[in-house]
Amino acid sequence: MTRLDPTELALRFADEPRYVDLRGLLLSGRCELFGDEGGLVARSIDFPFAAVGGVPSAEAILAAAEGAQARAAAWAGEDSEGEWHLLVQPEAVERVGTALPGGWRRRGVRLHRWSGELPTATRVEGAEMVLAADGHVTAGLDLDHLPWSLRHEMRGEHAARQPLAAALVDGRPVAYCYAAFLTESLWDVAVDTLQPYRRRGFAAACFRTLAAHLGRQGKRPVWGALTENEASLRLAAKLGFVPAAELTSFVITA
């Protein structure tokens, strides 16, 4: 395990879309580190995923992936089978694929950069827009009605305090967008809408509201999606994102 400070390690990687999850995770300090200066794995203590930087040793990869199925199981619920993801840059795919044992699947990940001027905050018919600059806990938003997997994610210490915009119906969030990770100039978009409220523009309004807020701080959004998630890819294009990088996620289920 590396003895280097996570923030020092983050400086080894460019502040660009392909590294937004890795750098954001390192800068947050909420991770466990495996490897050395030649290559590392940063394993989140808040989310069921880890991110690879450089080309780590097989030993570091296996150490980071130890107990991955149990970690995935902790995220399984009535609406989720539970998955654990290892996000890998192109130069390390062969090493990771060789090091991991059977049972892992490869899934493509496409990262998008923002192309153009950042939007201004917006209103949407049928909902009240709320900006929680210091997280939903500080804003006092009620999330008890969310599906189990979303509720579990948002109650984590990290997510609970990240900048967030929400669309409220009858006082409760039905759509939200929050900055899963922040770097010096980028933020990683996490967005969702409850099933009964989709296709009403709520998610787009949440994104635009948060993008306007973070844009004033000099931060531009990065949109990541599995290449199989056509709905997310379409929304990214509609909002004004363009493809920037292709990564691989090695996934194991509970």
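**Buried cysteines, nonpolar cores and aromatic pairs**

Cys206 counts as buried because its relative accessibility is 0%, where buried means under 20% relative accessible area, exposed over 50% and partly exposed in between, with a 1.4 Å probe and protein chains only. Cys177 is likewise buried, at 0% relative accessibility. The model is a predicted one, in which local features need pLDDT of at least 70 and side-chain atom pairs count only at pLDDT 80 or more, while totals for chains, interfaces and linings use all residues. Residues are numbered from 1 along each chain as its sequence is written, and side-chain values use heavy atoms, with hydrogens and water left out.

The structure holds zero disulfides, a disulfide being a pair of cysteine sulfur atoms within 2.5 Å. The cysteine sulfur closest to that of Cys177 is in Cys206, 6.9 Å away, which is too far for a bond.

The largest nonpolar core has 40 residues, of which Leu22, Leu26, Ala42, Leu164 and Tyr178 touch the most other members. A nonpolar core is a set of buried Ala, Val, Leu, Ile, Met, Phe, Trp, Tyr and Cys residues joined through side-chain atoms within 4.5 Å. Apart from this core lies another, of 26 residues, including Ala175, Cys177, Ala205 and Leu233. Leaving aside residues up to four places away in sequence, the contacts of Tyr178 include Phe47, Glu153, Met154, Leu164, Trp187 and Leu210, a contact being heavy atoms within 4.5 Å.

Strand β11 (residues 241–253) runs antiparallel to strand β4 (residues 83–88), to which six bridges join it. Strands are DSSP runs of E of at least two residues and helices runs of H or I of at least four, numbered from the N terminus; two strands pair if DSSP finds at least two bridges between them. Leu87 has Ser249 of β11 as its bridge partner. Strand β5 (residues 105–114) also pairs with β11 in the antiparallel sense, over 10 bridges, and here Arg106 is partnered by Phe250.

A search of the whole structure finds 11 aromatic pairs. Rings of Phe, Tyr and Trp (its six-membered ring) pair if their centres lie within 6.5 Å; planes under 30 degrees apart count as stacked, over 60 as edge-to-face and the rest as tilted. Trp84 and Trp104 form an edge-to-face pair, 5.9 Å centre to centre with 75° between the planes. Trp84 lies in strand β4 and Trp104 in the loop between α5 (93–99) and β5, so the pair ties together parts 20 residues apart in sequence. Both Trp84 and Trp104 are buried. Trp114 and Phe241 are also edge-to-face, at 5.0 Å centre to centre and 80° between the planes. This pair links Trp114 in strand β5 to Phe241 in strand β11, 127 residues apart.
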